[in-house]
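I opened my notebook for this one and wrote down what I looked up, in the order I looked it up.

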Amino acid sequence: MSVRAGIVVTGTEVLTGRVQDRNGPWLADRLLELGVELGHITLCGDRPADIEAQLRFLAEQGVDLIITSGGLGPTADDMTVEIVSRFCGRELVLDAGLEATIGDIVTRLMARFPDVDAEAVIAANRKQALVPAGAVILDPVGTAPGVVVPGTPTVVVLPGPPRELQPMWQTAVATPEVQAAIAGRTHYRQQTIRMFGLPESGLAETLRDAERSVAGFDRLEITTCLRRGELEIVTRYEPESEEAAAAYAGLLDVLRERHGRALFSEDGALVDDQIAGLLAGRRIATAESCTAGLLAARLTERAGSSAYVAGGVVVYSNAAKTDLLGVDAALIDEHGAVSEPVAEAMAAGVLQRFGADTAVAITGIAGPGGGSEAKPVGTVCFSVALTEGATLTRTMRLPGDRSDVRERSTTVALHLLRRALTGDS
């Protein structure tokens, strides 16, 4: 790539971990889509010297574009625009039109707070109308405007809240100044493959073999990531290169041949989206005893209006399993609450309770504590039941702490559901 960028995420609350940085990863993805190489993401607190140090560091790396997030508010610790102005060698000037725009926004907001001194608030927000001379102003999404300062490097200054930063980035990247800064970028085609049930070591061995057997393999840029028990393989290559396109087709053939059962998505679609399509015209219900309703939450997130989600039951005690789902107490006594027979009974019970045609039940030991030698923490039993008679039941031992086990359990459940609905059980 011939165009490089760097990101500076500011904010003491982000630096100390009180707030998770969502802007850096999101901007990294957008740059990748544009064909811009991201060299660095740096984090720093709300201290002028530290922010300026990050800007100078990135400039020394020869980046063409710097993007900052945060520090655009009206309070004393919001100093990003002032520091960027100094870094770029530009005077900070008051923009009267921007001041009026911010004043109108603040006036509307203050109408909901009659006891607040609106004039004092507007005076405080006047600081946000100070911009580097010659900068391109990005209209506020909230109350904070952004700016694009052309130069070498060009600097894009964006607000911290993701709901403001994301739409403002779209505006910024369309400006002639940013387009000029990234004009030399290489356009890449990006393909994403997803697998489930394959360890990273197995994929690594396959990729090593493909490197030796697939002509033009070196034209592919491949990154892999293990997330929630799924392997994500992202491949980029120059679309105009016939050799690279043929190499990708060869790689895909190798993956299909060796790991066809694990390969569930060739177009980048998430299993959640696949399930949403498979559940069209059906009604699903869930019974969860160790995942705290997380599976139902993932299903309803994709359902939108929840048209295919009939309902869900979260049950922990044995009595609740019996009272709410009709699980036979003798069955629990014989096999234990975490067992395949009880998972199947929970699935059957929730089917009947909600009049659904599809059910998923999860019963397990997420920890901490509560496990035994026979059933250690991380033992989880799953059952998928369809009214047309198909039932798919599995027991797995999942690694990690309580949060990991819960999250992985929902992913396993969705993949079992996908297999049941597609007949690939």
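**Leu299 and its surroundings**

I began with Leu299, setting aside its neighbours within four places in sequence, and found it in contact with Ile275, Leu279, Ile284, Thr286, Tyr308, Val309 and Leu414. Contact here means heavy atoms within 4.5 Å.

A note on the ground rules: this is a predicted model, in which local features need pLDDT of at least 70 and side-chain atom pairs count only at pLDDT 80 or more, while totals for chains, interfaces and linings use all residues. Residues are numbered from 1 along each chain as its sequence is written, and side-chain values use heavy atoms, with hydrogens and water left out.

**Nonpolar cores**

Next I asked which residues have the most contacts inside the largest nonpolar core. They are Ile284, Leu299, Val360, Ile362, Phe382 and Val384, in a core of 29 residues. I took a nonpolar core as a set of buried Ala, Val, Leu, Ile, Met, Phe, Trp, Tyr and Cys residues joined through side-chain atoms within 4.5 Å. Buried means under 20% relative accessible area, exposed over 50%, and partly exposed in between (1.4 Å probe, protein chains only).

Helix H11 (271–278), helix H12 (294–303), strand S15 (358–364), strand S16 (379–386) and H16 each supply at least two residues of this core. H16 gives the most, with 8 residues. Apart from this core lies another, of 24 residues, including Val84, Val106, Val131 and Val147. I jotted a reminder that in soluble globular proteins nonpolar side chains tend to be buried together.

**Overall layout**

I counted 16 helices and 17 strands in the protein; these are DSSP runs numbered from the N terminus (helices H or I, at least four residues; strands E, at least two). Buried residues make up 48% of the 425 residues. The protein is divided into domain 1 (4–182), domain 2 (189–265) and domain 3 (271–422), with bounds from an automatic or database domain assignment. The C-alpha centres of domain 1 and domain 3 lie 45 Å apart.

**An open sheet**

I then followed 4 strands that form an open sheet in the order S10-S11-S9-S12, with antiparallel pairing. Strands count as paired if DSSP finds at least two bridges between them. Strand S10 (221–227) and strand S12 (263–265) stand at the edges with a single partner strand each, so one side of each has no neighbour in the sheet. The twist averages 30° from one strand to the next.

Strand S9 (residues 189–196) is joined to S12 by 2 bridges, and Arg194 has Ser265 as its bridge partner in S12. Helix H16 (residues 402–422) lies across S9, strand S11 (230–237) and S12, at about 90° to S9. For such angles, axes are lines fitted to C-alpha atoms, for helices over the stretch in contact, and values run from 0 to 180 degrees between N-to-C directions.

**Strand S7**

Which way do the residues of S7 point? Gly146 and Val148 point one way from strand S7 (residues 146–149), Val147 and Val149 the other way, and all are buried. S7 pairs with strand S6 (residues 136–138) in the antiparallel sense over 3 bridges, and with strand S8 (residues 154–158), also antiparallel, over 3 bridges. Val149 stands opposite Val155 in S8.

**Cysteines**

How many disulfides are there? I found 0 disulfides, taking one as a pair of cysteine sulfur atoms within 2.5 Å. The sulfur of Cys88 is too far for a bond because the closest cysteine sulfur, in Cys44, is 15 Å away. Cys88 is partly exposed at 23% relative accessibility, and Cys225 is partly exposed at 28%.
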